[in-house]
Amino acid sequence: MNIGELSKESGVSAKLIRHYEGIGLIPEAGRTENGYRSCHKDDIHYLRFIKRSRELGFPLEDIKSLLGLWKNKSRSSKQVKLLAEKHLNELDLKLKQLKDMSDTLKNLIKHCQGDHRPDCPILRKLEQNE
């Protein structure tokens, strides 16, 4: 299977496949006699796993750990759960930060007249040194 076929089957672009190889997330593909990449069908499963992990927002380092745990059939689910809980806590923190930013912007927009006058609470807030 060549990289184009692997890309199509896995839903991961050829560029990302090369990147994942380059950073050691997936094994480097073998080469045919004429130098083309020769990928294995098992690579589809790895790439789909990575793709789903990325869709959930896991960082690459955590995905590398998750892949190792996935391949290790003697692992405990506790290790996987700890990684997922850590990621969920990070997502919750980001959500709180985004909510705070949204609330601040809503308040600033509410208090901005948006007319011909130069006075603007949005710009005043942005210029503050807090």
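Predicted model: local features only at pLDDT ≥ 70, side-chain atom pairs only at ≥ 80, totals over all residues.
Residues are numbered from 1 along each chain as its sequence is written, and side-chain values use heavy atoms, with hydrogens and water left out.

Helix 1 is residues 3-10, helix 2 is residues 14-22, and they pack at about 100° with axes 9 Å apart. Helices here are DSSP runs of H or I, at least four residues, numbered from the N terminus; axes are lines fitted to C-alpha atoms over the stretch in contact, with angles running from 0 to 180 degrees between N-to-C directions.

Who meets whom? From helix 1 we have Ile-3, Leu-6, Ser-7 and Ser-10, against Ala-14, Ile-17 and Arg-18 from helix 2, contact being heavy atoms within 4.5 Å.

Ile-17 shows up again in the largest nonpolar core, 19 residues, where Ile-17, Tyr-20, Leu-47 and Ile-50 have the most contacts inside. A core is a set of buried (under 20% relative accessible area, 1.4 Å probe, protein chains only) Ala, Val, Leu, Ile, Met, Phe, Trp, Tyr and Cys residues joined through side-chain atoms within 4.5 Å. Helices 1, 2, 3 (42-55) and 4 (60-71) each supply at least two of its residues.

Last, disulfides, meaning cysteine sulfur pairs within 2.5 Å: the count is zero. For Cys-112, the nearest cysteine sulfur belongs to Cys-120, 3.8 Å away.

Technical notes: Buried < 20%, exposed > 50% of the residue type's maximum accessible area, 1.4 Å probe, protein only.
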